[in-house]
4 protein chains.
Amino acid sequence: MNFLSDTTAPAHPALLASLTAANSGYAASYGNDAITTELKARLSEVFATDLELVLTTSGTASNALALSVLCPPHGMILCHDEAHIHRDERGAPEFFSGGAKLLPLAGEHAKIDPGELERALNQWPQDFVHAPPPCALSISNLNESGCAYSPTELTALTGRAKSKALNIHFDGARFANALVSSGESAASMSWQSGADILCLGATKNGALGAEAILLFGNARRHLPELQARQKRSGHMGPKARYIAAQMLAWLHDDLWLDLARAANTSAAEIANTLRKAGAEIVHPVDGNEVFVRLDVEVARQLRSAGAGFYQWPDGSARFVASWSTTDNDLKALEDALGG
Amino acid sequence: MNFLSDTTAPAHPALLASLTAANSGYAASYGNDAITTELKARLSEVFATDLELVLTTSGTASNALALSVLCPPHGMILCHDEAHIHRDERGAPEFFSGGAKLLPLAGEHAKIDPGELERALNQWPQDFVHAPPPCALSISNLNESGCAYSPTELTALTGRAKSKALNIHFDGARFANALVSSGESAASMSWQSGADILCLGATKNGALGAEAILLFGNARRHLPELQARQKRSGHMGPKARYIAAQMLAWLHDDLWLDLARAANTSAAEIANTLRKAGAEIVHPVDGNEVFVRLDVEVARQLRSAGAGFYQWPDGSARFVASWSTTDNDLKALEDALGG
Amino acid sequence: MNFLSDTTAPAHPALLASLTAANSGYAASYGNDAITTELKARLSEVFATDLELVLTTSGTASNALALSVLCPPHGMILCHDEAHIHRDERGAPEFFSGGAKLLPLAGEHAKIDPGELERALNQWPQDFVHAPPPCALSISNLNESGCAYSPTELTALTGRAKSKALNIHFDGARFANALVSSGESAASMSWQSGADILCLGATKNGALGAEAILLFGNARRHLPELQARQKRSGHMGPKARYIAAQMLAWLHDDLWLDLARAANTSAAEIANTLRKAGAEIVHPVDGNEVFVRLDVEVARQLRSAGAGFYQWPDGSARFVASWSTTDNDLKALEDALGG
Amino acid sequence: MNFLSDTTAPAHPALLASLTAANSGYAASYGNDAITTELKARLSEVFATDLELVLTTSGTASNALALSVLCPPHGMILCHDEAHIHRDERGAPEFFSGGAKLLPLAGEHAKIDPGELERALNQWPQDFVHAPPPCALSISNLNESGCAYSPTELTALTGRAKSKALNIHFDGARFANALVSSGESAASMSWQSGADILCLGATKNGALGAEAILLFGNARRHLPELQARQKRSGHMGPKARYIAAQMLAWLHDDLWLDLARAANTSAAEIANTLRKAGAEIVHPVDGNEVFVRLDVEVARQLRSAGAGFYQWPDGSARFVASWSTTDNDLKALEDALGG
């Protein structure tokens with residue numbers, strides 16, 4: 001019963017098979033290989049638009065690289081107070097951007113409150129030399145409380161931000177989970193909702209380590225600078241074919257959505273099981289994460305039965321399902337609570 | 001006949017098999033897994049000393065991370081003018097260190113001339129507030145001209161640098177190739193020759209993407225800061241077991257040395273073939289790289305026969321052999337020149 | 001009636017006279033002159049302790065330089081949400097520190113709420129590699145709402161922070177104003193209240209441009225690094241005698257306290273006048289700044305009478321008195337309101 | 001006999017008088033004052049072109065700020081190996097630019113050799129993602145060996161650099177000295193010779209601390225970014241009127257040229273005196289600096305007679321004259337050598 005994180009799960013066998021298939025003969029280094037080219041074309045189909053592509057092996061790197069071309073050192077990035085880029089990336093955005101400021105915004109269920117965005121835009125004007133102006137807005141979807149923004153919610157935030165000339169970054173470490181639960185298309189949940197750059201993560205959803213930075217529309221012009229920063233930060237891996245191969249297999253026949261659906265379904269069952277046991281679910285379960293207020297005694301009981309989960313800073317407990325969560329895991333949780 | 005770079009070669013099957021074997025069940029994220037622990041113990045044996053370990057997927061990242069704990073932003077890193085960290089990493093050391101200065105030193109065959117080191121140490125004093133003092137010395141072995149320093153050569157440089165309190169970084173992207181050609185032990189070519197940190201690369205020698213930063217002796221105290229920087233720069237991959245698994249297989253039964261030996265042997269044959277054809281070999285061939293002055297007509301002839309190699313900034317041509325270079329490749333080169 | 005800022009006021013004649021007196025003959029550059037040496041001795045007397053001294057011409061530079069030796073790039077600086085370092089220095093602390101994170105804390109009257117400090121210390125642990133740990137606490141006294149912390153209040157915050165090994169920075173841009181209103185000694189309001197470094201500002205209190213970074217106790221060990229960063233950031237002025245001369249005259253015969261007292265007294269009168277006119281004073285007036293909620297009509301009336309003051313982001317209006325505020329200014333304000 | 005540096009000299013009385021005159025009443029902060037406006041107009045006349053202006057108190061700051069808008073973090077700055085920005089600014093350009101690389105170029109008498117520039121431009125291409133491309137060329141005039149480039153020499157370098165889209169920075173810490181010795185106009189030695197930005201220094205030539213960053217032509221578009229960086233680096237002094245006042249007095253009635261002429265004349269006499277005494281002058285004396293190879297015995301004799309001068313890293317001795325060098329100083333030197 002490992003519900004610690006989707007990063008503790010193994011990779012899906014299809015991705016390993018794709019690695020093995022890719023491992024034949026010579027291939028151009030640094031992203032100039034045929035598999036990467038094929039992946040770019042495939043992603044254009046999936047997102048129904050022309051795009052530019054940069055691959056990394058780390059979501060933190062993807063987010064920070066993306067933000068570094070969307071915000072100058074003397075600018076400011078707006079994000080939710082619970083955002084991974086603010087809480088869990090050891091200051092990576094500050095590092096990659098050359099010292100931009102992150103301004104944490106409040107909002108329930110880790111969703112940025114539109115009023116808070118408005119207040120920040122007013123308090124930090126664009127033309128005041130003494131303070132960093134807001135230059136980028138970053139939105140996580142699926143977010144850090146396991147909730148999904150709808151296209152309408154996204155557009156409300158990004159539209160307001162764009163009216164002040166901010167650039168828009170979407171952290172899609174669990175993008176597939178949000179897609180599946182919302183029934184939206186990849187396009188409607190990304191560039192059609194205002195994203196200039198989407199960081200699309202596969203690592204938490206079946207990959208060994210594969211993340212794609214997708215540049216849409218006008219943001220495609222950032223590609224040369226982004227590649228320079230990718231190289232400079234050690235994220236232009238010499239043997240890029242092995243990242244591209246993972247992601248191609250992941251997209252093939254909508255495997256990525258199937259894996260996300262499996263994880264979401266497991267999460268829904270976890271939530272049900274916990275709820276039945278009397279625990280309070282503290283955020284809507286829109287993806288593969290369940291946040292629950294656990295009685296101390298119950299928490300102890302679960303741990304002694306071998307359940308792995310994290311205590312969250314806000315006092316709740318987080319249970320994460322992955323594509324590899326089994327019926328046995330779910331049954332074991334039920335048993336542990338039933339006991 | 002792809003002699004462009006050892007990064008165009010595929011990964012060795014044993015490493016892929018190790019990945020597959022590692023891909024079972026849950027594992028702690030971020031380097032806290034059992035495979036990484038096993039790898040650390042194995043590396044301690046190979047290097048015959050206690051050490052600390054940080055894994056990345058990129059040699060550029062490894063070098064820059066290592067240098068960032070060995071040199072403050074207001075300090076200076078001495079390296080050869082041809083050093084990969086100076087020429088080919090898009091300013092990564094400057095970025096990771098927060099703006100340290102790199103001072104390029106001259107020396108034949110990409111080896112730092114001891115007299116040039118002396119001159120730099122004298123011209124840039126330790127206690128002059130107006131200039132960055134030398135804080136770190138970086139040495140590539142195998143170096144960028146394909147030459148190996150001997151322990152005696154290394155110790156002459158590092159001993160002098162240490163007498164001025166400099167920290168020592170070894171760039172070992174092709175460390176195995178230098179080991180094999182010199183017949184030295186891993187210990188004698190690293191910490192016994194003065195290295196505080198060795199960046200040990202497997203990616204150019206059979207891995208998909210696996211690099212180890214090894215901290216020796218007192219430099220082990222840098223581990224917490226190095227991990228903070230690793231996280232901050234997006235190089236603390238969540239699923240570290242897949243890097244560790246590659247490297248364990250690579251070290252197993254001295255596979256890493258066998259692969260390097262194969263590459264070195266192929267390089268020696270390439271050099272012979274080129275020499276016989278009348279070309280001038282411009283640097284000693286101590287590893288898997290051959291630098292040669294090619295007649296324009298010969299170069300054209302080779303390219304039209306399908307040979308891949310790089311034109312080097314100094315006018316020479318670089319041929320790189322890898323573990324996967326075949327007898328057919330060598331024969332094809334001979335034929336192309338014989339034609 | 002210029003109540004815009006104490007930075008719009010002229011310099012006190014005694015400081016100009018001191019400049020002129022200093023302008024004779026040769027003097028060692030970069031702070032090695034006799035006047036700087038004398039100033040350091042004088043400051044040790046004033047603060048009743050040994051200290052180290054670095055001079056700049058800018059409070060923003062002083063704060064950012066101080067913070068850059070108290071917090072690593074991968075650490076976090078705690079400060080009030082209204083802090084000048086967060087709101088009004090264009091990301092200088094992020095720049096000088098190499099990308100440290102600033103965490104804004106709430107609290108009435110721009111004083112950090114001890115409960116908020118506690119919450120931050122708990123939410124951001126010291127040993128979690130994924131997030132920047134709190135490394136420094138920055139406190140402004142006089143603060144950005146014109147309020148003074150007492151030594152008891154300071155010690156409550158700094159004591160708790162020190163128990164978690166945080167370093168302590170005091171922003172003393174208006175330190176003299178806080179001293180005068182509290183009746184405390186320079187020592188009790190700085191190192192005895194936990195400050196490792198105090199940025200002591202004279203520019204807002206009679207100088208042309210003179211700021212001192214004072215290192216107390218163990219923090220004196222940071223001097224060499226601080227000087228390196230001072231030079232590197234262009235703040236080691238070649239002709240430092242002209243900064244030192246200003247500050248010596250400023251300290252002479254407690255002129256600095258006299259000037260602050262004059263400004264504070266004027267501010268108290270401004271507050272009285274505004275209060276009498278029915279305006280609500282929104283923060284305690286502990287120094288030379290008055291924040292008031294102004295009726296729109298009254299504000300217009302004042303501006304048309306020639307009064308200069310700033311509209312503050314929170315909706316209040318800020319009136320700042322300086323050493324050079326005259327009785328005529330105060331009378332004119334009264335008249336404008338009386339009208 | 002203080003020939004250590006022009007920064008050890010006092011300020012010219014006219015500049016102090018201007019400070020005193022400026023010290024009356026209120027003035028807008030941060031460069032929005034009337035004196036700064038007047039200065040900008042005056043500089044436009046002197047340089048015979050529209051320009052934008054940013055003031056600082058430090059030449060290091062001016063150079064680094066200028067370079068930070070002319071070169072991205074992932075770019076490279078070409079300069080002479082003896083350049084102040086490379087040798088004597090503690091890595092300020094690396095800091096302000098966010099980690100750009102400085103590439104030192106050779107050339108006699110601290111003048112960049114056009115062949116070396118050519119070689120660098122060829123070795124470091126514009127479109128190679130693995131290495132920082134040359135983005136800016138920095139030229140000191142008067143240079144660090146006391147030599148002046150002619151407009152022809154300047155244009156040869158800047159024209160070639162501009163053909164590769166490099167931006168051009170001139171370090172004019174001793175610009176007036178070069179103007180006077182060459183007989184050229186301010187325009188012909190700056191924007192007409194290719195400068196995008198000139199850092200014009202007064203501190204070494206009669207000011208207390210006053211430096212102007214001048215943006216010409218298209219480079220004027222960098223003003224907003226430059227101001228953001230000026231603020232962020234603590235160089236937007238609140239009471240800017242005191243810097244502007246110095247510089248206005250300095251330009252008034254060509255005082256700046258008179259002061260430079262006096263210094264140059266003294267330097268010529270110093271050179272004559274030393275030459276007569278048998279010492280070898282190692283660089284043309286085009287300004288106020290004399291570099292000479294001194295017999296050890298003669299050096300000792302001079303020092304014991306009270307002469308101050310610096311031993312230079314290349315083995316020569318540097319004598320610097322300033323506007324305040326007196327006939328007595330020159331006579332004393334003659335006497336010391338005559339003894």
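Q: What makes chain A a two-domain chain, and where do the bounds lie?
A: Chain A is divided into domain 1 (13–253) and domain 2 (255–338). Such bounds come from an automatic or database domain assignment. This is a predicted model, in which local features need pLDDT of at least 70, side-chain atom pairs count only at pLDDT 80 or more, and totals for chains, interfaces and linings use all residues. Residues are numbered from 1 along each chain as its sequence is written, while chains are lettered from A and ligands numbered from 1 in the order in which they are written.

Q: What separates the centres of domain 1 of chain A and domain 2 of chain A?
A: The distance is 27 Å, taken over C-alpha atoms.

Q: How many residues does the contact take from domain 1 of chain A and from domain 2 of chain A?
A: Domain 1 of chain A gives 22 residues and domain 2 of chain A gives 18 residues. Two residues are in contact if their C-beta atoms, placed from the backbone, lie within 7 Å.

Q: Which element gives the largest share of the side of domain 1 of chain A that touches domain 2 of chain A?
A: H8(A) does, with six residues. Helices (H or I, at least four residues) and strands (E, at least two) are DSSP runs, numbered from the N terminus.

Q: How many residues do chain A and chain B bring to their contact?
A: The contact takes 40 residues from chain A and 40 residues from chain B. On the side of chain A that touches chain B, 16 are nonpolar, 20 polar and four charged. Ala, Val, Leu, Ile, Met, Phe, Trp, Tyr, Cys and Pro count as nonpolar, Asp, Glu, Lys and Arg as charged, and the others, Gly among them, as polar.

Q: What rotation superposes chain C on chain A?
A: A rotation of 180° with 0.0 Å of shift along its axis does it (RMSD 0.0 Å). That is the relation of a two-fold axis. Copies are superposed by least squares on the C-alpha atoms of residues with pLDDT of at least 70 in both.

Q: Why do the copies meet through the same surface?
A: 100% of the interface residues of chain C are also interface residues in chain A, so the surface is the same.

Q: Which residues touch the most other members of the largest nonpolar core?
A: C:Leu214 and D:Leu214 do, among its 223 residues. A nonpolar core is a set of buried Ala, Val, Leu, Ile, Met, Phe, Trp, Tyr and Cys residues joined through C-beta atoms within 7 Å. Buried means 20 or more other C-beta atoms within 10 Å of a residue's own, placed from the backbone.

Definitions and conventions: A residue is buried if 20 or more other C-beta atoms lie within 10 Å of its own, exposed if 12 or fewer, and partly exposed in between; C-beta atoms are placed from the backbone.
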